[in-house]
Number of protein chains: 2
Amino acid sequence: MRIARFVVDNDPMYGIVEGEDGNEVVTVIKGDPFFNGVETTTIKYPLADVRLVAPIIPRSKVIGVGRNFAEHARELGNEVPVHPLLFLKPNTSVVGPNEPIVMPEFSEEVSYEAELCVVIGRICKDVPEDRVDEVVFGYTCGNDLTARDVQKTDGQWARAKGFDTSAPLGPWIETELDPDDLTIQGRLNGELRQDGNTNQMVRSVRELVSIVSQAFTLLPGDVIMTGTPAGVGLLTEGDRYEVEIEGIGRLSNPVVRR
Amino acid sequence: MRIARFVVDNDPMYGIVEGEDGNEVVTVIKGDPFFNGVETTTIKYPLADVRLVAPIIPRSKVIGVGRNFAEHARELGNEVPVHPLLFLKPNTSVVGPNEPIVMPEFSEEVSYEAELCVVIGRICKDVPEDRVDEVVFGYTCGNDLTARDVQKTDGQWARAKGFDTSAPLGPWIETELDPDDLTIQGRLNGELRQDGNTNQMVRSVRELVSIVSQAFTLLPGDVIMTGTPAGVGLLTEGDRYEVEIEGIGRLSNPVVRR
C-alpha cells in the first residue's frame, strides 16, 4: 500500500495511491494513519490534481547512518566504521517531492545522497532484528543532502546535514516491501550518478533499525536514512536530483540558492 | 515570571510559580503558553503538592554547543573551535526535575555537564544578535549528559549525547532574565564540582542564538544548550547531580542503571 500526504486546497491530508504509473488515483484516509490506522473515505482525487508533500514530518527525529556502503565510504577516503556511524537531522530539514533544496549560505559544496528511508510505526526500544518488521510503518525515498565543506570543518555534522531542506522525503510511504534487495538510483539532471542495491549495505536495513533502537527510543513517524551508495557529487543552482528506489517510486527535487 | 509544567493527577498543565523559596504556589495557565500566551486561571496549588515535569518537550530540536567555555575545552584536551561546534539531541532525550538519568547499556563513562538553556518562543531564522531577545521565550537549567567513551569511539556524538534521559531540563522556565552574567554551578551528591559564570563563555548566549538560527529554522519550544563550564566528571549509579543557575533555580536528578 502506498500512503501519501498531500494538499488539495489548504490542509494536508493522507491518502492511498493506487493505479497504473501516470494514471494514479488517491483515496483520502480519515485522520493520521500513524495514530488512527488506515480507514478510507469515499473521496478520491486523480494524483495529477493534488500536490504531494513530505509523507511524514517526524515528531521526534531523523536518524542518519554514515558509511553503510563500502564503496561509498572508499570514494570519500573513509573506512567502514566499527559501530554504525549515527547522526541526527532535525525535522526542520524535511521537505517533500518537488520542493526546492535550498543551498545554505554557509556552504559552497552541497552533495546529493540517494537513500532508502525507514519510517517507524510504533514506539519501540531495543528491537531484536527478527521483530523489526513489527515496528516499521513503511519505506520511502530520501536525499541526505550534505554540505561537504562544512562537514569537514565543523567535525560534528549537525550544520552540514541538518540545514533546512536537507532531507527531502517521498513521494509516498510503501508499507509492503522487503528491503533486502532493492535498487537505489540517483539521477542528476536525468543522468545516472548513483546505482546501488540494498544488498550491498554493510549492515542490512533490519540490522540498522535494531541498532538504532538500542541508541534511542523510536517514536511513530521517526525516520531512519540507511546510507547512500557510491557516486555522490556536488549540486549547482538549477540542478534537479531524482532518487528512485525499486518498489517505491521517484523523489525529485530542484536545487536553488536564495 | 517562572513558568513550570507539572502534573497533579493525570495530564500535564502549565502554571506560573510565585512566592518565597520553600513556600511557592503554582497558578494554572490556560493551555500552552508557547502558542496561547500566558492567561492565568483561578486554580492554584502549593508547589509541594505537584510533580514538576520537563518545562518543555521540544516539537523539533535540542541544539547543543560544544566547547563554549575555554577552561572546559582545555580540561578535555580540546581547542576552542573556530565555528561554534553544534550538535543535536533528540526530544526523546528530555526528562524533567527529579526524573532519573538512566545510564545507557552501551557506556561505562557517563559525564554530567551543567548548562544554561535557552528556550525559543517564536519561529525564526537568521536572527541578528540585537534582536535575539524577541525570539527567546525564557531560560532553564539543563544537564547535557555525555557518554565520554562512546563520544570518542563513535566520532559523531548522536549516541553519546542523544540517549534517552540525556537531557534533563527544569525546574521551570524563567522568562525575565539577562543571560550575560549568571553563575552556573553543578553539585555531585551535594559537593560543588562545576562553578562557572556565563560571562566566561567564548560566545555569549545572544551570539549563540544568532549563530544557531543561521544554521536551522528555530521553532517555538526548541532548546539551545549553551555549553558547560569546567569541572566535568563521571557519574555512578546512585549519584545525584544538581544544576543551579543564578536567577532560575535548581535542577536535580538521580542516576540509575537498569
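Hi everyone. Let me start with a definition: a polar contact here is a pair of N or O atoms within 3.5 Å, where, within protein, one must be able to donate a hydrogen and the other to accept it. Please keep that in mind, and also that what we are looking at is a predicted model.

Let's go to the place where the two chains meet. How many residue pairs are in polar contact between chain B and chain A? The count is 14, with both residues at pLDDT 80 or more. Salt bridges are another story: between chain B and chain A the count is zero.

So much for the pairs; now the surface. Chain B brings 28 residues to the contact, and chain A brings 28 residues too. Together they bury about 2300 Å², and carbon and sulfur atoms give 56% of that area. On the chain B side, Leu88(B), Gln156(B) and Arg159(B) lose the most area to chain A, together 25% of what that side buries.

The largest share comes from E7(B), with five residues. By class, this side of chain B divides into twelve nonpolar, nine polar and seven charged residues.

Now let's stay inside chain A. Chain A is divided into domain 1 (2-52) and domain 2 (62-257). Twelve residues from domain 1 and 16 residues from domain 2 make up their contact. The C-alpha centres of these two domains of chain A lie 24 Å apart. An unreviewed UniProt entry also annotates residues 1-55 of chain A as "domain: Rv2993c-like N-terminal". Over that stretch the chain is 7% helix and 51% strand, with the end C-alpha atoms 13 Å apart.

Between domain 1 and domain 2 of chain A, the buried area is about 1100 Å², and carbon and sulfur atoms give 63% of it. Two residue pairs are in polar contact there, both residues at pLDDT 80 or more. And how many salt bridges cross this domain interface? The rule finds three. Have a look at Arg250(A), which forms a salt bridge with Asp21(A), the closest N and O atoms being 3.8 Å apart.

On the domain 1 side, strand E1 (2-7), helix H1 (33-36) and strand E5 (51-53) of chain A each supply at least two residues that face domain 2 in the contact. That side has eight nonpolar, no polar and four charged residues.

Note on methods:
Residues numbered from 1 in each chain as written. Chains lettered and ligands numbered in written order. Predicted model: local features only at pLDDT ≥ 70, side-chain atom pairs only at ≥ 80, totals over all residues. Heavy atoms only, no water. UniProt positions renumbered as here; feature names shortened; annotations may be inferred. Helix = DSSP H or I, 4+ residues; strand = E, 2+ residues; numbered from the N terminus. Domains from an automatic or database assignment. Contact = heavy atoms within 4.5 Å. Buried area = accessible area lost by both parts, 1.4 Å probe. Salt bridge = Lys/Arg side-chain N within 4 Å of Asp/Glu carboxyl O. Polar contact = N/O pair within 3.5 Å; in protein donor to acceptor, adjacent residues only side chain to side chain. Nonpolar A, V, L, I, M, F, W, Y, C, P; charged D, E, K, R; others polar.
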